[in-house]
Amino acid sequence: MFSLRTPKQMQQNRISKLIENRNRLEIVNLTESNPTQVGFDYNIDFITSSLTRPESIFYEPDPKGLLEARESVCNYYKARKVKVELDNIFLTASTSEAYTFLFKLLADPGEQVLVPIPSYPLFEHLAQAETIKAVPYNLYYDGDWHIDIYSIKKAINSSVKAIIIVSPNNPTGSCLKKDELDQIIEICLEHQIALISDEVFSDYTYQESEQRVKTIAEVDQILSFTMSGLSKVAGLPQIKLGWVVVNGPSNIATEAMLRLEFIADLFLSVSTPVQHAARSLFESVSHIQTQIKERVLSNRTWLQSQLGKESVCSLLSAEAGWYSIIQVPNVMTEEEMILQILEQENVLIHPGYFFDFASEGWLITSLIVEQEKFKEAMGRILSRAELWLK
Ligand SMILES: Cc1ncc(COP(=O)(O)O)c(C=O)c1O
């Protein structure tokens, strides 16, 4: 028998089995987070023609990424008044790939990285694929979301090589605060641990805030890695262009960059046409972000209007992102709830456990679904939730 590793996520669950047995086209998908599938207007000619530049026929690879493309990333930060050195930027095919590069750089098999919960359930699987361990620390909610710094301190041991922050976090929509960053930097300094910040949703904040950390790209007291990509920034996940900004005390940052360059050189995974297209792709950002922001705001405002004092459900506060969390009556398991909604209403929505919530009673919806579809499907879920308490 050939031997194959089975990633945990490949095990089928009751929800995926039920979806398989139904007509997928009839299901309203409130988990949809692919911006290319929800009716946004893309500058199709502009984007596709940027990918067919004649110079793309020549292969002149640079493990960090072509200078012109890295300049575009630099300018992206400059427009946000953030100073990033061209030399400290590494292009990757996606943020997910950037995670794997950083795991290769920072941790040996069996070593650990700290990851927030609840959060996007990607880290555990990426870590597993790199044979390292994602160890959770907690976020808690008291009307707003906070990082439980004590749970980070408790999780620290000599095997921990990095702390991962997701800001804004998916799905809580919470952002790193200045006082939280100060405490985390202190921990990183004390234990000589790197800080990784996933900022893919940083352009999608709902309001300005003085306490919020915009980015950690300028943090240089510790070894820091800031990640983002066009998947969310330009609503173009299929383009496959992400990046990492490396920062830190000069000796360790230089050494980290040398080693990261070696890892990137093993793959050279960002295609040349994409790199030549980068400048144009960044120019398309405001056109798509305006539409995404309008959609998110409209769906969230509608949801808020439906979840007043009389409702049995409530909406958790959020500062940013493409998702909303709804607290529902905890009268059955989340799995039963999701199955019932799927079976009776033909609507697919995420359970809290998908994002590792510590307790049950949460539904997570995408906010980028077309407004009419969103209202209709969510309306049916909320009416059903009223029945659960009767
Ligand atoms: C927080 C977060 N990080 C990273 C990713 C993956 O981004 P990419 O498409 O660049 O791999 C996602 C995708 O939804 C995400 O939610």
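**Exercise 1.** Where is the place of D356?

*Solution.* Start with the numbering: residues count from 1 along each chain as its sequence is written. This is a predicted model, where local features need pLDDT of at least 70, side-chain atom pairs count only at pLDDT 80 or more, and totals for chains, interfaces and linings use all residues, while side-chain values use heavy atoms, with hydrogens and water left out. Now look between strand 13 (350-351) and strand 14 (362-366): D356 sits in that loop. Helices (H or I, at least four residues) and strands (E, at least two) are DSSP runs, numbered from the N terminus. Next, check the backbone: D356 is not a glycine, yet has a positive phi of about 65°. Finally, D356 has a relative accessible area of 34%, so D356 is partly exposed (buried is under 20%, exposed over 50%, partly exposed in between, with a 1.4 Å probe and protein chains only).

**Exercise 2.** Find K81 and decide: buried or exposed?

*Solution.* First, go to the loop between helix 3 (67-79) and strand 2 (89-92), where K81 lies. Then read its phi, which is positive at about 60° although K81 is not a glycine. Last, take the relative accessibility of K81: it is 72%, so K81 counts as exposed.

**Exercise 3.** Which peptide bonds are cis at P168 and P171?

*Solution.* Begin in the loop between strand 6 (160-166) and helix 7, which holds P168; P171 also has its place between strand 6 and helix 7. Step one: S167 and P168 are joined by a cis bond with omega about -5°. Step two: the bond from N170 to P171 is cis, with omega near 10°.
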